[in-house]
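Thank you all for making time this morning.

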Amino acid sequence: MRFDELNLKPEVLEGLDAMNFKEMTPVQELAIPVILEKKDLIACAQTGTGKTAAYILPLLNLLTENKKSDDAVRAVIIAPTRELAQQIDMQFEGFSYFLPISTFVVSGGGDGAQWDQQKRGLLMGADIVIATPGRLISHLINSDVKLPFVEYLILDEADRMLDMGFYDDIMQICKHLPKKRQTILFSATMPQKIRQLAKNILYDPVEVNIAVSKPNEAIRQSAYVCYEAQKMGIIEAVFSKKVEGKTIIFSSSKQKVKELTTKLRRMKYNVRAMHSDLEQSQREEVMLDFKNGKIDVLVATDIVARGIDITDIGLVINFDVPHDPEDYIHRIGRTARASAEGEAITFVSDAERSMFFRIEKFIGKEVIKNPVPEYLGEAPVYDIEQLSRTKHYKKRESHKKNNLPSGEKNRGRRKFYRRTPRKDNNKGEKS
């Protein structure tokens with residue numbers, strides 16, 4: 001379905017045309033009409049499906065239908081991180097180019113001057129305030145900020161905000177907003193805690209679900225099963241071939257990100273690091289340089305695994321296996337944005353095989369295993385049957401530790417031995 005088939009204002013369509021947006025993604029096709037009808041919405045969509053535009057476009061349309069005083073905040077968008085809040089603001093800037101719409105970001109970090117600037121901005125008003133929950137609630141409590149004219153509340157990446165412990169902040173923010181408002185909630189997953197939040201702050205919402213927790217089919221997934229010491233050699237082998245677009249290398253620890261960045265610099269790669277130890281201004285500079293092509297390779301923790309929309313990332317490398325399968329989805333979702341294609345490669349060390357096997361079970365497919373270059377030596381074996389048996393053994397051991405009734409323990413033991421071939425002493429054959 002095309003955007004011009006929607007009942008959007010000419011100025012909104014003009015902005016879409018300038019940005020060369022023609023066809024809607026599935027989540028946009030389902031969510032935009034609901035929002036235009038001013039109904040509450042709970043939408044579950046994976047990263048990279050165009051969910052940000054799914055609420056930006058109808059919100060711009062609604063705000064321009066009934067333009068009000070410039071000194072009032074009319075819409076509040078809450079995002080889990082500074083980086084995502086700034087990314088949303090940049091998208092608003094593009095889509096609203098032909099519209100008299102003002103936006104303002106309220107996020108943590110910075111110094112006292114930034115706090116004062118945010119306070120003035122909230123008191124003076126803007127059509128749309130994009131905020132992180134902790135900083136917004138601080139201003140509501142300490143800066144005498146009032147939000148009596150808010151008509152729209154949008155929660156982006158709500159599941160991540162709850163994982164970060166922002167449930168109470170969100171509920172507190174809602175108490176400062178008018179009860180009569182339109183509330184929109186976007187989440188990559190739909191656990192019970194999200195449904196409870198939706199029940200508390202949404203009114204009779206429409207629910208939209210798009211490809212929950214499955215990687216984009218346009219991502220070519222593969223893995224190298226290797227020893228930890230072989231990983232740098234594999235990176236050299238991967239980079240010896242032409243890589244289309246930019247590259248992100250993810251690692252789970254800040255220390256490993258720093259070490260890996262240093263090693264890649266010594267190998268003369270154009271690389272920078274992104275992690276939480278950097279000052280906010282440094283993080284902004286790195287992301288801007290990466291987006292503008294001044295950096296070819298970004299080495300990062302999961303700080304950029306969600307919400308950062310850079311369209312020309314051609315390759316994602318997981319230097320280590322993420323502990324949570326959901327994090328795997330979000331990491332590789334940095335590539336193949338919109339209608340593009342991309343590649344995701346995961347390095348699976350000997351100790352990480354069972355974790356990666358769990359990811360494969362989660363996404364419902366076996367990921368292609370690339371051969372480790374011969375000159376790097378022998379690599380570990382990835383034996384799916386062995387990993388399955390190991391998982392089953394651990395399940396049996398957990399029965400013992402949990403002191404289940406004997407019937408339960410025996411039931412688990414019988415199931416385990418049925419899966420293990422055994423030799424019959426009388427016949428000498430496998431049963």
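What volume does the second largest pocket have? Before I answer, please keep in mind that what you see is a predicted model. In this model, the second largest pocket has a volume of about 370 Å³. It is lined by 18 residues, and those closest to its centre are Val238, Lys241, Lys242, Glu343 and Ile345.

Let me move on to the helices, starting with helix H5, residues 112–124, and helix H6, residues 133–142, whose axes come within 11 Å of each other and cross at roughly 70 degrees. Angles from 65 to 115 degrees count as roughly perpendicular, and H5 and H6 are therefore roughly perpendicular to each other. On the H5 side, the residues that take part are Gln114, Trp115, Gln118, Lys119 and Leu122, and they meet Arg135, Ser138, His139 and Asn142 of H6. The residues of this contact between H5 and H6 divide into two nonpolar, five polar and two charged.

The second pair is helix H13, residues 325–332, and helix H14, residues 353–363, which pack at an angle of about 75 degrees with their axes 9 Å apart, so that H13 is roughly perpendicular to H14. Here H13 contributes Pro325, Glu326, Tyr328 and Ile329, while H14 contributes Phe356, Arg358, Ile359, Phe362 and Ile363. In this contact of H13 with H14, seven of the residues are nonpolar, none is polar and two are charged.

Finally, a word on charge pairs: the count comes to 24 salt bridges. One of them joins Glu83 to Arg283, with the closest N and O atoms 2.7 Å apart. This pair links distant parts of the chain, since Glu83 sits in helix H4 (residues 82–95) and Arg283 in helix H12 (residues 280–291), 200 residues apart.

Terms used:
Residues numbered from 1 in each chain as written. Predicted model: local features only at pLDDT ≥ 70, side-chain atom pairs only at ≥ 80, totals over all residues. Heavy atoms only, no water. 1 Å grid on protein atoms, 1.4 Å probe; cavity = no way out; pocket = protein on both sides within 12 Å on 5 of 7 lines; lining within 4 Å. Points joined across faces, edges and corners; volume = space filled by probe spheres on them. Axes fitted to C-alpha atoms, helices over the stretch in contact; angles between N-to-C directions. Helix = DSSP H or I, 4+ residues; strand = E, 2+ residues; numbered from the N terminus. Parallel < 35°, antiparallel > 145°, perpendicular 65-115°, else oblique. Contact = heavy atoms within 4.5 Å. Nonpolar A, V, L, I, M, F, W, Y, C, P; charged D, E, K, R; others polar. Salt bridge = Lys/Arg side-chain N within 4 Å of Asp/Glu carboxyl O.
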